[in-house]
Amino acid sequence: MLKLEKFEIRQTDFALSADMVLEPRTKYAVIGPSGAGKSTLLNAICGFISLSGGRLLWQGSDITQADPADRPMTMLFQDNNLFPHLSVQQNVGLGLRPDLRLQRDEKDRVAQALARVGLQDHADKRPGALSGGQQSRAALARVLVQARPLVLLDEPFAALGPALRNEMLDLVQSLIEETGAALMMVTHAPQDVRRIADQVIFVEGGRAHAPQPAAALMDNPPPELRAYLG
Amino acid sequence: MARRVVAISPRGGIAAAALVLLLILAALGAVMSRAEVGAGLSPSDWAALRFTVVQAVLSAVISTICAVPVARALARRRFFGRGVLVTLLGAPFILPVIVAVIGLLTVFGRAGWFNLALGAVGLPPVSIYGLHGVVLAHVFFNLPLATRLLLQGWQTLPSERFRLAAQLRLTPFAAFRAIEWPMLRQVLPGVAALIFVICLTSFAVALTLGGGPRATTVELAIYQAFQFDFDLGRAARLSLAQLVLAGGAALIALWVIPPVSLGSGLDRPVQRWERGGTARALDTICITLAAGFLLLPLSAILWRGTWGLAAVPPVVWKAAGQSIFVGCISVVVLGVLALPMAGWIASSRRGGVEAIGLLGLSASPLMIGTGWFILIHPVAAPATLALPVTALVNALMALPFALRIMVPRLRDTVQDYGRLSATLGLRGWPLWRWVLLPRVRAQAGFAAGLTAALSMGDLGVIALFADQDRVTLPLQMYRLMGAYQMEAAAGAALILLTLALGAFWICDKGGRWHAEA
Amino acid sequence: MKYLTLAAGILGASAAYAETPELTVYTYDSFVSEWGPGPAIKTAFEAECACTLKFEGMGDGAALLARLKLEGERSEADVLLGIDTSLIATAKATGLFTPTTIKADYTLPVAWEDDTFAPYDWGYFAFVHNSDMTPPKNFTDLAASDLKIVIQDPRSSTPGLGLLMWVKAAYGDEAAGIWEGLADNVVTVTKGWSEAYGLFLEGEADMVLSYTTSPAYHLIAEEDATKSAAVFDEGNYMQIEVMGRLAASDQPELAQQFIEFMVSDAAQSVLPTTNWMYPAVTPAAGLPKGFETLSVPEKALLIANDDVPALRDEALQEWLGALSQ
């Protein structure tokens, strides 16, 4: 259970506050107008932006000051999710050991993860030699081996076509279910929300509203959300 | 609020920077401790300062401006011999001063090829001696360096950008403003500052081509104070003035460098979608002019040296071995100093620390050498430490180049992959091993090559420390000249040039694989 | 620090083994090079001294003196060899040298009376030119001609300083006028002798400041008779190269023996064709073949050692003033 307690982010001309609890094994969609602070929220949870107030608690212990790597989560960014100079296998392996000194069983886990996302034949290739969809799969294979309780997606599939994006979202969904992780994903598309999300976090007007059940919210949106959905 | 980006520990960088400062300040302090108290600078010292600044500013501005079209042309054209030309760009910079000056004079001197050509068409000869001669020589030394640094900048531009430009059918000027100008704004000030500082310590070139005492530089005044007047106080004051000038230039340059990233691509080979006869013709002209300006004096050295090779005595080969040894240690020392510093600078928002790197270059080698001689002499025989000290000082001189070459790339790496590295818990050695070193490999190779070549051609410190068994190739070459053996000296110069270029080529090649990959 | 300890260990060990005494001589770079007199002198002296002779070569005369001043009393040097008369007063003022009595039949054009330094070779400064031209007869001629010359900077080189003294010795208070006349003849000024001579050989100038003995090198070593040295009718300035003993030397007898050796036939006969200067004592076998073809000035100029420092500052200002316009 991740608790955002009086969470405050303040930047030069931007402020965002949040106060909520994220439950395990739940899929959250983060929606809201451009520039409202969806990415900022994720970056702050991940530890890339310091808080100006409030705390972040994981299972009751304070992780506000913890290093990004020491937090119970992993994140896929809009781009640069793979090191272009390392092979797919190495990129995935880094999810297990930062020094890449993989033991036999760890190597097996990397191979299994690659097989799981359908990249077993591309293990030695560099990301530049892969298609966009394959790159996304490679990043997901790493998320899989990292096996963190919370996965954050900051629109990593934005550049993919609709069919491919749906394919990736399905893959994410099944991976999440296999590992039993919670998911927090930024999206712009209402159909994505309906497709996977259990809960919706609406970010708008300097606030990240507490999660609400997705189906009910989308069927009967409050005025601000209605304005955003158009 | 501060963005916490990446976990490059600043400790190594701070330690390296502190060591650099210590090396310079300890030397300065040692010189001062032996000096009698004196005040201020004499009118002739002020005149030297003025001349030094004027020629250094001119040299820096002209070298940098001329380098832009050349680097741009080299970045967009593929032609036979391009690789060789790019490697040869390193050559003038690493030549011992006297060799380069004689090469230049063969082309531009009173009886040089240029004046012969002018005479053939009935034009009066042009004299190279004067401020313009000093600037010409400094441009000869530094234009290639500037070109290489800018070329490196062009190589960091993702190929995706050029695709976009082609897609949008941007006019050449619009494409330049949108893609290349932001990169140049980041790279140019640093390059100009670097060349300014190199030219600050010019001595023999400025004097010889300046045509007389009008062209007195601060470094000459320092030499005079140390060697002729043994006025350590004046030497220290002048050294300090030099450091202040260089530090000031560095700070100004780093101040105007905007802290922006160039974005990232997927390391696809750079391929550009530009056509047009005019652009191609212009590029061809730029490359031809630059190549002619650089290669003619080099070919003069080659021509002369080939004849002299037969006259080269065996001691020269022994000296060559010493020089290679010095080059190798210099590269190692440089790596230990430059990488952590570059990492530190790249992950801080402003690059003020890079100014410390420039201090090493702007400190008079004679001052550092003398200072350390004073410090070492009571403890050990300075000659036994000749090679380590030389390697250390050479690494110090090469440090600003290495930083200038590596910092922009590391900064981009931090920007692009900092968060990813952080989520993966990459820090310390694994971060360097798996992310930073591979990303900065091409730049590190270039820097190592430059360092190896520079230290092979160095004469500064070794002259103070060397004894009979530790003579390096440049020193041996001067000895040959001092013994009227001009032919053998030309042969030795050719060997030196070949060695330096060879070292440069090996390191540079080792790092540049991705440009073609 | 490991390196220091290691180095100290090796040095200590070798000192313990050393049974033969060692004599350290500081000299200029070109003296010790393969082509200089150093190697032959070392062999010959070691054959008779039962000692090890160690040459330390560094820069030129001025650099040598600067080094000794840096090292002070702690210097390893027993003998300094290679400053010229214009630096003698400065050298004595350091108080680092001890008097040396020596008997020798000097064949210098001037009488030698210095109690601390002994000459080992000498030469005349002169402008060297290609033999196919008619050289000027004096500085006034040169100034009036449109000949181009390369000279060395008196602030960084001994020949450059010699030229200052030459003009001062020949023209006294009118030296400044001579320099103003010469200003348009000076193509450029170099840091040291090698650069200037190199430029001359490149054809950058008609004449270069060097020595009357320079053509001997081209004649004897290269069998090339196309170089000559100009004799000026107001006289040519002398460069007398000297050596002296350090007061703090731990081998005073050996140092004395070395200095006596340097003016003996064995050493003197080596110098002409290695250092390309006249020996201070003409060897019994006479000068090497080729030396008789050299131009010999009728008048030898030399400013008294003690007068040099004061004159130097004055002359330097005149030189800077004339050439900086």
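## The record for chain A

UniProt positions are given here in the numbering used for this model, feature names are shortened, and annotations may be inferred rather than shown by experiment. With that in mind, an unreviewed UniProt entry carries the annotation "domain: ABC transporter", and the annotation covers residues 2–230 of chain A. The model itself is predicted.

In the model, the annotated span can be described directly. Residues 2–230 of chain A are 35% helix and 24% strand.

## The build of chain A

Chain A has eight helices and 11 strands. Its C-alpha trace spans about 50 × 40 × 30 Å along the principal axes. How does its radius of gyration compare with that of a compact globule? For 230 residues, such a globule would have a radius of gyration near 17 Å. Chain A has 18 Å, which agrees.

Now look inside. Of the 230 residues in chain A, 43% are buried. Take the contacts in chain A between residues at least 6 apart in sequence: 66% of them join residues at least 24 apart.

## The build of chain B

Chain B has 22 helices and zero strands. It has 517 residues, and 57% of them count as buried. Apply the sequence test again, with contacts between residues at least 6 apart. In chain B, 87% of these contacts join residues at least 24 apart.

Helix 11 of chain B, residues 218–228, deserves a look. How many of its residues are buried? The count is 11 of the 11, so the helix is largely enclosed by the rest of the structure. The buried residues include Val218(B), Leu220(B), Ile222(B), Phe226(B) and Phe228(B). Glu219(B), Gln224(B) and Gln227(B) are also among them. Just after helix 11, Phe230(B) takes a positive phi of about 45°.

## Which chains touch

Two pairs of chains touch, and the pair with the most contacts is chains B and C. What about chains A and C? No contact joins them, and their closest C-alpha atoms lie 32 Å apart.

## Where chain B meets chain A

Here 22 residues of chain B are in contact with 27 residues of chain A. On the chain B side, the elements that give two or more residues are helix 17 (386–423) and helix 18 (428–456). Helix 17 of chain B has the largest share, six residues. By class, this side of chain B has 12 nonpolar, three polar and seven charged residues.

## Where chain B meets chain C

At this interface, 47 residues of chain B are in contact with 45 residues of chain C. Five helices of chain B each supply at least two residues to the side that touches chain C: helix 5 (97–108), helix 10 (204–210), helix 11, helix 16 (365–376) and helix 20 (473–482). Which helix gives the most? Helix 11 of chain B does, with six residues. The residues of this side of chain B divide into 29 nonpolar, 14 polar and four charged.

## The two domains of chain C

Chain C is divided into domain 1 (22–122 + 239–293) and domain 2 (123–238 + 297–323). The centres of the two domains, taken over C-alpha atoms, are 25 Å apart. The contact between them takes 23 residues from domain 1 and 22 residues from domain 2.

Look at the domain 1 side of this contact. Helix 4 (61–71), helix 5 (85–93) and strand 10 (236–246) of chain C each supply at least two residues. Helix 5 of chain C gives the most, with five residues. By class, the domain 1 side has 12 nonpolar, eight polar and three charged residues.

## The nonpolar core

The largest nonpolar core has 349 residues. The residues with the most contacts inside this core are Val197(B), Ala338(B), Met406(B), Ala492(B) and Val208(C). Helix 17 of chain B gives the largest share of the core, 20 residues.

Take Val197(B) as an example. Which residues does Val197(B) touch, leaving aside its neighbours within four places in sequence? Val197(B) is in contact with Ala246(B), Ala249(B), Ala250(B), Leu358(B), Leu361(B), Ser362(B) and Pro400(B).

How values were computed:
Residues are numbered from 1 along each chain as its sequence is written. Chains are lettered from A and ligands numbered from 1 in the order in which they are written. This is a predicted model: local features need pLDDT of at least 70, side-chain atom pairs count only at pLDDT 80 or more; totals for chains, interfaces and linings use all residues. Two residues are in contact if their C-beta atoms, placed from the backbone, lie within 7 Å. Helices (H or I, at least four residues) and strands (E, at least two) are DSSP runs, numbered from the N terminus. Ala, Val, Leu, Ile, Met, Phe, Trp, Tyr, Cys and Pro count as nonpolar, Asp, Glu, Lys and Arg as charged, and the others, Gly among them, as polar. A residue is buried if 20 or more other C-beta atoms lie within 10 Å of its own, exposed if 12 or fewer, and partly exposed in between; C-beta atoms are placed from the backbone. The radius of gyration is taken over C-alpha atoms; the globule rule is 2.2 Å times the number of residues to the power 0.38. Domain bounds come from an automatic or database domain assignment. A nonpolar core is a set of buried Ala, Val, Leu, Ile, Met, Phe, Trp, Tyr and Cys residues joined through C-beta atoms within 7 Å.
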